[in-house]
Amino acid sequence: MSVAELHPWKEPTATIVFVGGGPRTVGLLERFAANASELLDGRDVHLHVVDPYPVGGGRIWRREQSRLLWMNSMTSDVTIFTDESVECDGPIVPGPDLATWVAGEGAVILEKAGLEQPGPMDFPPRLVQAEYLAWVWERVVRDHPATVTTHRERAVELTADQRVILESGAEIAADAVVLALGYLDRLPTASESAWAAQAADAGLTYIPPGYTADVDLDGLWPKSPVIVRGFGQAFIDLMVLLTEGRGGWYDERDGLLTYHPSGDEPVLYVGSRRGVPYHAKLGYTVAGTKPVATRYLTKAALGDGRLDFDRDVAPLIEKELAYAHYEQLFTAHPERVRSSWEEFAKALDDWTPRGRGVSDAAFEAAVGVAVPGPADRFVRGEVDRPLAGRVFEDREGFERFMTGLIEDDLVRRADPSYSADLAVFNALLSIYSVLSRAITDGQLSDEDRVRKVETEWHGFFSFVASGPPPRRLEELLALHRAGIVRFAGPDLDVAIDNDHFVAKSPGVDGEIHARAFVEARLPRPDVLATTDPLLRGLLDSGALAADELFAADGTSLGGGQLKADSGCRAIHSDGSTHETLFLLGPSVSGSAGSSGFSRPHFNGPGFRQNDAVARDLLKLLAPTVRKEERHAS
């Protein structure tokens, strides 16, 4: 007797195509498997995962990259699996976080790959994360209730009848499609194109914004000066690839790190808007300092209407950060304050900041009385721009000041007696969640979204919370002592003058001349400028909609993110919703957990969203009989 005769109600195999095989898809497939026994009711499902890069790690976390590049998260701060903290409708299926994995099953895998086993407080090589993600993928697929097939090629088209066309010409007819494409390549801006053309005409080397691991650095010649604008993670990767990556090495004696050049390194003159490197990652943890619900920047405080960022939002952020800092200072280090927390908290509640890091006189007076040590005070403007208002008459004096600034940062970021810094870090995470919701709800103008949130606020967040491992700043200082890295200054302006790039900083006397210039940063996301053929086709046809952003005076601010509803379903250009096309990732409005991996026991928003999307996919695919039963009930 055939299967059809035994089960006359059995429906044909359902098909879902996932375009993008990186960590987001891995997490979504795990949630799909966890919820299947409740919702799928035995229907056969075939999952296709399409990505030109290896599944699991995808492009960013692929195995084929330099083993010198590190994560900027500690081993203990990364997990792909749900735990008891995650608030979701589906079942919790625990699995090892990265630290547990490298100490257990991963130890043998790392040894075979020639990788050292990092400790829980180490910042591991990205290749360690690549191995972890590959292992997670294999575990998820091995136990999956659906058939899973991978396609190592690019998807180039999604037709109106939902066939996914691959670069090879193969087609996959889908009942549902999930686009989880990660960070997208984009066309150069008009400014970048102009830079490239002028540089080519002058015989100069210009490297525009991009993911450093994929950038061609051959045009940066040994011992030649290179102007670098950008002092964040992209610069740190660049620094590593142009030093150790070209054969140099470090040794340490009496606590001092020394760099030994190979002779193939260029000389890097690095500056940025701030002129200083991102703060080192904190080198400690303190019990009880985890993200908590915001106190001032709340949904109730923001209301439902349109907001002006400087007037309505920035003052609440000021109070939120100050509250986090001072609550931790007063409760954990009472010997350094001169009043009770209750008395000081009243002054903070009564404070109405004027925004942009400026305190009013009454609150400044309260801080002056209660917090005698300047190093214990929090003024966001001073944290944000440590070189503001400073002028240096010679470059040597400026570089001495910079060296001291970086050394002080390394000491402070390793010292738990300054645990107020950790409280601020955690407050930043909570604030980001509220801001993301306000953007998704359309409460901020395009101009505020791009200039205030995506540029100013995100820049401050990255500067404080997304900096490099402390060891990288120690290496930076060693490279400076070796003459490989020089400091160019804040508000760095770069121009082409005949056959050279010329860089100037208003705070530092003198000019820098070089025949190479690197913009060390990721390009601003703009889906309207994407080079991905599948997305371009969907946008051109109106099957997808994206933000087109404008300033108040009508000036174009470029594109923003793809539009999706609260359930991550794609929104068409006419405003209607596509019920079987789901969008996830950093190029999607409202996509949670796109800025990094979830931390264990932190109820990561990416887990919650993955669970909800997986359950919606399963409900779409559930047998018609079961759907009708649920509808009748």
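Buried means under 20% relative accessible area, exposed means over 50%, and partly exposed lies in between, with a 1.4 Å probe and protein chains only. Keep that in mind, everyone.

This is a predicted model: local features need pLDDT of at least 70, side-chain atom pairs count only at pLDDT 80 or more, and totals for chains, interfaces and linings use all residues. Residues are numbered from 1 along each chain as its sequence is written, and side-chain values use heavy atoms, with hydrogens and water left out.

One more term. Helices (H or I, at least four residues) and strands (E, at least two) are DSSP runs, numbered from the N terminus.

Let's start with a sheet. It is open, it has six strands, and the order is β3-β2-β1-β7-β21-β20. The pairing is mixed. Two strands pair if DSSP finds at least two bridges between them. Which strands are at the edges? They are β3 (147-151) and β20 (569-571), and each pairs on one side only. Neighbouring strands in this sheet are turned by 30° against each other on average, direction ignored. For such angles, axes are lines fitted to C-alpha atoms, for helices over the stretch in contact, and the angles run from 0 to 180 degrees between N-to-C directions.

Now a helix on that sheet. Helix α18, residues 605-621, packs on the sheet and touches β1 (14-19), β2 (45-50), β7, β20 and β21. Contact here means heavy atoms within 4.5 Å. The direction of α18 makes about 135° with that of β21.

Look at β1 next. Six of its six residues are buried, so β1 is largely enclosed by the rest of the structure. In a regular strand the side chains alternate between the two faces of the sheet. Here, A14, I16 and F18 point one way from β1, while T15, V17 and V19 point the other way. β1 runs parallel to β2, and six bridges join them. V17 stands opposite H48 in β2.

The bridge partner of V178 in β21 is F582.

On to helix α10, residues 341-350. Which of its residues are buried? W341, F344, A345 and L348 are. Seen down the axis of α10, these buried residues fall within an arc of 100°, so they line one face of the helix. The arc is that of the directions from the helix axis to the C-beta atoms. An α-helix has 3.6 residues a turn, so residues three or four places apart point the same way. The face turned away from the buried side of α10 carries the exposed residues E342 and E343. And what covers the buried residues? The cover includes α9 (309-332) and α11 (361-370).

Next, aromatic rings. Rings of Phe, Tyr and Trp (its six-membered ring) pair if their centres lie within 6.5 Å; planes under 30 degrees apart count as stacked, over 60 as edge-to-face, and the rest as tilted. By this rule the count is 26 aromatic pairs. Take Y432 and W457. Their pair is tilted, at 6.3 Å centre to centre with 50° between the planes. Y432 lies in helix α14 (residues 420-440) and W457 in helix α15 (residues 446-465), so the pair ties together parts that are 25 residues apart in sequence. Y432 is partly exposed, with a relative accessible area of 23%. W457 is buried, at 4%.

Y432 also pairs with F461. This one is edge-to-face, with 4.7 Å centre to centre and 70° between the planes. Again α14 is linked to α15, and the two residues are 29 apart. F461 is buried, with a relative accessible area of 7%.

Ring pairs also build a cluster. Y296, Y323, Y326, F330, W341, F344, W351 and F363 are linked into it.

The rule: NZ of Lys or CZ of Arg is within 6 Å of the ring centre and within 35 degrees of the ring normal. The charged end of R274 sits over the ring of F463, 4.4 Å from its centre. R336 lies over the face of Y418, at 5.4 Å from the ring centre.

Last, two loop residues. D41 lies between α2 (23-39) and β2. Its phi is near 60°, a positive value in a residue other than glycine. D41 is partly exposed, at 38% relative accessibility. D254 lies in the loop between β10 (249-253) and β11 (256-260). Phi of D254 is near 55°, again positive. D254 is exposed, with a relative accessible area of 85%.
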